[in-house]
Amino acid sequence: MAIQIKTLEQLKIMRRAGLVVGQTLELLKASIKPGMTTDALNVIAAASIKRAGATPNFLNYHGFPAVICVSVNDEIVHGIPGPRVINDGDVVSIDCGAIIDGWHGDAAFSIGVGKVDPQDQKLMDVCEESMWRGIAAGKNGAKLTDIGYAVEQYTNSQGKYGILREYGGHGIGTEMHQEPHVLNFGKAGQGPEIVPGLALAIEPMITRGSDRTKVLSDDWTVVSVDKSRGSHFEHSYAICPDGKPFVLTALDGGFEKLASLGVEISDQL
Ligand code: MG
Ligand code: MG
């Protein structure tokens, strides 16, 4: 499948979907506390997406049985919400997606609940910052692999972390997962050029240990083989017709974080 290039009008709809995702994730961030089940988070997300007049895109995606993915500790991505109780000190990653008028948004964050191990906090901080470095590197005129290069360089500069190899970011638009696949590692300067109208989900997944993972018997949950804790951050962003980026799933469009990296966001959305 070819890379889908969006018009400004289409990106405006994607911004609406992205805001639903961003607002739902903010609500989940504010709601999460020790003693809650991961299913309780799913109930909150389902109601938030419905209230916004959007449709969840994870539900029934290749049979996925919930509205969000909730992955705890050594679970890194694709955890299924259920009766698991969130404990003090857990690292919880939540991934959420929504559709408006056929256009998709997709984003994720990790958070430490209650008293957080400083090493876990550092893991999450590194993962989040690497995502922003990736987005900043994926500017108009850059090459696709500049993104993964930036993610990997930053992550490795911060310590010994395992960057997942089998999972990565992706194009997003009228499907949640489109071409191109976006690696979180590798050489710079390769692959297709980043151009206006391109929309990508950037999502580093890292662990405090090895990059080796396995899928649990539920056929979804991805865990680290060495049981090290993982973190996952994700935003969907686009290059607007003016050549500037805009982070579709960030409430402020990525203004603050990208400004700190010397990147100006578009005012077209
Ligand atoms: Mg996602
Ligand atoms: Mg994604």
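Two strands count as paired if DSSP finds at least two bridges between them. Helices (H or I, at least four residues) and strands (E, at least two) are DSSP runs, numbered from the N terminus. What you see here is a predicted model, in which local features need pLDDT of at least 70 and side-chain atom pairs count only at pLDDT 80 or more, while totals for chains, interfaces and linings use all residues. Residues are numbered from 1 along each chain as its sequence is written, chains are lettered from A and ligands numbered from 1 in the order in which they are written, and side-chain values use heavy atoms, with hydrogens and water left out.

**View 1. The S4-S5 hairpin.** S4 and S5 run antiparallel and pair over ten bridges. Two residues sit between them in the hairpin, and Asp101 in that turn has a positive phi of about 50°. Look for Ala98, whose bridge partner in S5 is Gly105. Nine of the ten residues of S5 (residues 103-112) are buried, so this strand is largely enclosed by the rest of the structure. (Buried means under 20% relative accessible area, exposed over 50%, and partly exposed in between, with a 1.4 Å probe and protein chains only.)

View 2. Asp95 lies in strand S4 (residues 91-100) and Glu234 in the loop between S13 (230-232) and S14 (235-239), so the pair ties together parts that are 139 residues apart in sequence. Asp95 is buried, with a relative accessible area of 7%, and Glu234 is buried too, at 0%. Donors here are N, O and S atoms within 2.8 Å of the metal (3.2 Å for Na, K and Ca); water is not among the atoms, so sites may look incomplete.

**View 3. The magnesium ion that is ligand 2.** Asp106 (OD), His170 (NE2), Glu203 (OE) and Glu234 (OE) coordinate this ion at 2.1 to 2.2 Å. Along the chain, these donors are spaced D-x63-H-x32-E-x30-E. Asp106 bridges ligand 2 and the magnesium ion that is ligand 1, and the two ions lie 3.2 Å apart. Both His170 and Glu203 are buried.

View 4. S7 (residues 169-171) is joined to S8 by three bridges, and Gly171 stands opposite Gln178 in S8. Contact means heavy atoms within 4.5 Å; axes are lines fitted to C-alpha atoms, for helices over the stretch in contact, and angles run from 0 to 180 degrees between N-to-C directions.

**View 5. Ser236 in strand S14.** Ser236 lies in S14 and is buried, with a relative accessible area of 1%. Its side chain reaches the backbone oxygen of Asp106 at 2.6 Å. Leaving aside neighbours within four places in sequence, the contacts of Ser236 include Gly105, Asp106, Leu200 and Phe246.

Methods:
A polar contact is a pair of N or O atoms within 3.5 Å; within protein, one must be able to donate a hydrogen and the other to accept it, and residues adjacent in sequence count only if both atoms are side-chain atoms.
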